[in-house]
Amino acid sequence: MQYDNGGELLVAHLESLGIDTVFGIVSVHNLPLVEAVDRHLRFVPVRHEATAVNAADGYGRARGSIGCALTSTGTGAGNAAGSLIEALSAGTAVLHVTGQVESHYLGSGRGFIHETKDQLGMLSAVSTYAATVTSARDAGRVLREASAAALATPGGPASVEWPIDLQYAAQEDAGEAVPSGEAPSPDAAELAAAQALLAKSRRPLIWAGGGARHARAELAALLEATGAGLLSSNSGRGSVPEDHPLVIGNFATNPAARALLADADVLVTIGTHFRSNETADYNLKLPEAHIQIDADAAALGRVYPVRHALHAEAAAVLPALTGAAVRADADWSARVTAVRHEVRAALHEDIGPQAALCDALAAALPRGAVVARDVTIPSSSWGNRLLPMHDPRANVFPRGGGIGQGLGMGIGAALARPDEPTVVIAGDGGLAVHFGELLTVAQERPRLTLIVFNDGGYGVLRNMQDKYGERRSGVDLFTPDFGPLAAACALPYARIAAPEEATPVLEAALASDGPTLVEVDLTALGPMKNPFTPPVKIPTS
């Protein structure tokens with residue numbers, strides 16, 4: 001195939017991936033790409049390159065596929081790096097196409113405008129794949145290789161730097177297919193031993209991580225066959241809808257869940273990283289009879305000892321375990337359901353007046369609608385646990401823990417699924433990182449409800465300093481008046497200052513066919529019963 005320029009080639013490639021919306025910032029070093037996308041698809045001009053990647057990431061997560069971000073070279077590519085780290089941490093598929101200086105000057109170090117030293121090295125450090133387009137004949141191949149790497153397991157962002165002269169050049173694409181890697185296959189003896197172990201189990205538990213997202217039916221079948229309890233990491237939430245009576249959820253460190261783990265006679269874990277914040281800094285004890293399934297061989301036994309390691313895609317190996325499984329003792333399944341209710345009731349009580357917001361969102365949101373969460377107290381305390389998830393594509397949050405990324409992810413998700421409401425939960429501190437994206441929301445008018453929990457600063461760190469220290473440092477921030485701010489951005493605004501206001505305000509916002517900024521005045525609403533502090537170690541004398 002021949003194309004007039006690189007932009008036309010890029011559009012053809014994006015269409016082959018089913019991508020209809022691209023996020024980025026126009027530059028002299030990506031102009032042919034942006035112009036072609038804008039002619040044929042939808043180009044969303046975000047206000048910062050980090051948001052371009054976050055939005056592409058959220059778009060891909062909400063669709064269960066891949067998103068695309070366009071940035072400029074040099075500083076623009078550097079601005080994207082932090083959000084590429086998030087996609088790398090999460091293993092989510094993002095195609096990041098960035099400009100580059102003219103190929104004749106590439107690597108000359110003469111200070112060509114927008115040039116930076118070893119941009120490819122920087123991109124390689126924060127991407128699962130990174131390459132340079134070196135001719136107008138190989139751009140198509142590079143784009144296909146990048147997309148395949150992003151979509152593979154364990155996946156992540158793929159970055160392509162494209163010299164500007166080669167973007168303008170006519171393209172000739174041979175259309176050669178990218179070789180696909182072989183799917184991992186578990187050792188037959190290990191699988192047989194795992195089947196035998198599960199066949200003897202009467203008190204089984206399952207732990208679903210992000211790798212379970214692509215094995216939803218298979219996981220549900222195993223759960224039904226065993227009557228096991230289902231714990232999850234944050235990434236695995238929604239793999240089985242969280243209103244299922246056997247789903248405990250993201251509560252592994254809760255005392256009642258720890259007691260279940262202590263009494264379980266087998267644990268099957270599926271595609272989880274056992275992150276420090278989900279294992280009490282690795283102090284959580286797991287059963288010795290541990291069957292671990294992961295498509296990433298390096299993950300097997302990396303954090304916890306494993307009796308039977310199954311190197312495989314979850315969807316491929318779970319049916320073999322289901323076929324060998326027997327039903328758990330009835331009192332064990334009943335205990336699982338009791339723990340499910342116990343942990344939720346305790347958290348509902350702990351969050352005090354914020355429970356009204358959680359309840360209102362759960363009631364008003366359509367089943368499976370996206371809830372994008374930034375790193376903030378409401379997200380970390382109840383948004384990541386108590387607010388129910390029924391579909392892993394609805395579970396959008398920064399898995400790497402970086403603040404300020406939630407709004408960008410929410411913008412991408414909202415534009416990926418325009419026919420249903422999207423919610424973003426953010427704090428005033430995190431939102432301030434990318435205030436400029438309020439202008440993107442105002443311009444694009446997605447069906448997005450942005451809920452800003454305003455406590456005048458970084459509440460998580462403030463709580464830590466109040467608990468462990470003698471003074472506060474860097475946590476109390478100037479906060480704008482959100483009403484006039486919303487008006488300046490032509491955004492509808494509402495305020496919640498009491499629990500009884502949560503339902504009417506959120507119902508109205510979610511029923512809207514456009515954006516709304518909802519401020520939650522935490523000072524007026526009142527404090528949680530137990531202030532939230534993150535599960536990190538603080539050395540004390």
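**Exercise 1. Is Phe 274 buried or exposed, and with which ring does Phe 274 form an edge-to-face pair?**

Step 1. Phe 274 has a relative accessible area of 2%, so this residue is buried. Buried means under 20% relative accessible area, exposed over 50%, and partly exposed in between, with a 1.4 Å probe and protein chains only. The model is predicted, so local features need pLDDT of at least 70 and side-chain atom pairs pLDDT 80 or more, while totals for chains, interfaces and linings use all residues. Residues are numbered from 1 along each chain as its sequence is written, and side-chain values use heavy atoms, without hydrogens and water.

Step 2. Tyr 304 also counts as buried, at 9% relative accessibility.

Step 3. Phe 274 and Tyr 304 form an edge-to-face aromatic pair, with 5.1 Å centre to centre and 70° between the planes. Rings of Phe, Tyr and Trp (its six-membered ring) pair if their centres lie within 6.5 Å; planes under 30 degrees apart count as stacked, over 60 as edge-to-face and the rest as tilted.

Step 4. Phe 274 sits in the loop between strand 12 (266-270) and strand 13 (290-294), and Tyr 304 in the loop between strand 13 and strand 14 (308-311); the two are 30 residues apart. Strands (E, at least two residues) and helices (H or I, at least four) are DSSP runs, numbered from the N terminus.

**Exercise 2. Which parts of the chain does the pair of Phe 23 and Tyr 59 tie together?**

Step 1. The structure has four aromatic pairs. One of them is Phe 23 with Tyr 59, edge-to-face at 6.0 Å centre to centre and 65° between the planes.

Step 2. Phe 23 belongs to strand 2 (residues 21-24) and Tyr 59 to helix 3 (residues 49-63), so the pair ties together parts that are 36 residues apart in sequence.

Step 3. Phe 23 is buried at a relative accessible area of 0%, and Tyr 59 is buried at 0%.

**Exercise 3. Which strands pair with strand 12, and how many of its residues are buried?**

Step 1. Strand 9 (residues 204-208) runs parallel to strand 12 and is joined to it by five bridges. Two strands pair if DSSP finds at least two bridges between them. Leu 205 has Leu 267 as its bridge partner in strand 12.

Step 2. Strand 13 pairs with strand 12 in the parallel sense over four bridges. Here the bridge partner of Thr 269 is Gln 292.

Step 3. Five of the five residues of strand 12 are buried, so the strand is largely enclosed by the rest of the structure. Val 266, Val 268 and Ile 270 cover one side, and Leu 267 and Thr 269 the other.

**Exercise 4. Where do the buried residues of helix 8 lie around its axis?**

Step 1. Helix 8 (residues 188-200) buries Leu 191, Ala 194, Leu 197 and Leu 198.

Step 2. Seen down the axis, these residues fall within an arc of 125°, so they line one face of the helix. The arc is that of the directions from the helix axis to the C-beta atoms.

Step 3. On the other side, Ala 188, Ala 189 and Lys 200 are exposed.

Step 4. The buried residues pack against helix 9 (216-226), strand 12, strand 13, strand 14 and helix 11 (314-324). Contact means heavy atoms within 4.5 Å.

Conventions
The expected span of a helix is 1.5 Å times one less than its number of residues.
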